[in-house]
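Biologist: I have not looked at this structure before. Could we go through its helix packing and its pockets one by one?

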Amino acid sequence: MADFWTWQLTLQTALAALVIGYLLGSIPFGLLLTRMAGLGDVRNIGSGNIGATNVLRTGNKGLAAATLLLDAFKGTAAVLISAHFFGEDAGVLAGFAAFIGHIFPVWIGFKGGKGVATYLGILLGLAPLMALIFAIVWLAIAFTTRYSSLSALVATLVIPVVLWILGADKIAAVMALMTVISWYKHRANIARLTAGTEGKIGAKG
């Protein structure tokens, strides 16, 4: 874990990375896209979430796909922009800030999504191979169970372990923290999964 304690950051670059990450992450694409499409407030249907899975419950697959991509790429953008200007460690920090921004966006009362797509986008910026592994795990669980939440829970659990095994201690630790937060945000889903009442992928709200 020695790598975890050697952050190459100044206070100024750390703050810049946090601001860039948070502002990008806090853009509520799911809410913006559904409103622009005339579908109202996506928070009033299904789980009340602003993420792609809930957008899919509007019945508009195109908007759901766009939400997924934009929520992912805002995480990727936060990592790449900060890493380009301030170094790799700033990219890691900005990725974490983007994740927090997505979950707790100031623009809509700090009530955002659960961070799964943004988690994936951050991985794409930090460790592209891990993003592929995440996608494979997510798709495998989703294909066999049709539970988006279960797919996310398993995928976010696998990634920090694989990163740690590969020796990427710093990224593993940050992703593990993001996993804990994501699982906390999924606590209602976990309860419904346990009770057998969780909605499946494609079910309308």
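**Helix packing and pockets**

Modeller: The crossing of H7 and H8 is right-handed. The model is a predicted one.

Biologist: Are H7 and H8 roughly parallel or antiparallel to each other?

Modeller: The axes of H7 and H8 cross at roughly 150° and come within 8 Å. Angles over 145 degrees count as roughly antiparallel. H7 and H8 are therefore roughly antiparallel.

Biologist: How many charged residues are in the contact of H7 with H8?

Modeller: On the H7 side the contact includes Met130, Phe134, Trp138 and Thr145, and on the H8 side it includes Ser148, Leu150, Val158 and Leu163. The contact of H7 with H8 divides into 15 nonpolar and four polar residues, and the number of charged ones is none: no charged.

Biologist: How are H6 and H8 placed, roughly parallel or antiparallel?

Modeller: H6 and H8 have axes 11 Å apart and pack at an angle of about 25°. An angle under 35 degrees counts as roughly parallel. That angle makes H6, relative to H8, roughly parallel.

Biologist: Is the crossing of H6 and H8 left-handed or right-handed, and which residues of H6 make the contact?

Modeller: The crossing of H6 and H8 is left-handed. From H8, the contact is made by Ala152, Thr156, Ile159, Pro160 and Leu163. By class, the contact of H6 with H8 has seven nonpolar residues, one polar and no charged. From H6, the residues that make the contact are Val116, Tyr119 and Leu123.

Biologist: Why is H5 described as roughly parallel to H9?

Modeller: Helix H5 covers residues 88-103 and helix H9 covers residues 169-185, and their axes are 10 Å apart. The cut-off for roughly parallel is an angle under 35 degrees. H5 is roughly parallel to H9 because of the angle at which they pack, which is about 5°.

Biologist: How many charged residues does the contact of H5 with H9 have?

Modeller: In H5, Asp89, Val92, Phe96, Phe99, Ile100 and Ile103 meet residues of H9, including Lys170, Ser182 and Lys185. Asp and Lys count as charged. By class, the contact of H5 with H9 has 10 nonpolar residues, one polar and, as asked, three charged.

Biologist: Turning to the pockets, which helix gives the largest share of the lining of the largest pocket?

Modeller: The largest pocket holds about 750 Å³ of space. Its lining has 34 residues, and Ala52, Thr53, Leu68, Trp138 and Ser148 lie nearest the centre. Elements that give two or more residues to this lining include helix H3 (52-56), helix H6 (116-126) and helix H10 (187-195). The largest share, five residues, comes from H4.

Biologist: How many residues in the lining of the largest pocket are charged?

Modeller: The lining of the largest pocket has 14 nonpolar residues and 14 polar ones. The charged residues of this lining number six.

Biologist: And which helix gives the largest share of the lining of the second largest pocket?

Modeller: The second largest pocket has a volume of about 230 Å³ and is lined by 13 residues, with Ser47, Asn49, Gly112, Lys114 and Lys185 nearest its centre. By class, this lining divides into two nonpolar, five polar and six charged residues. The largest share, four residues, comes from H10.

Key
Residues numbered from 1 in each chain as written. Predicted model: local features only at pLDDT ≥ 70, side-chain atom pairs only at ≥ 80, totals over all residues. Heavy atoms only, no water. Axes fitted to C-alpha atoms, helices over the stretch in contact; angles between N-to-C directions. Parallel < 35°, antiparallel > 145°, perpendicular 65-115°, else oblique. Contact = heavy atoms within 4.5 Å. 1 Å grid on protein atoms, 1.4 Å probe; cavity = no way out; pocket = protein on both sides within 12 Å on 5 of 7 lines; lining within 4 Å. Points joined across faces, edges and corners; volume = space filled by probe spheres on them. Left-handed = near helix turned anticlockwise from the far one by under 90°.
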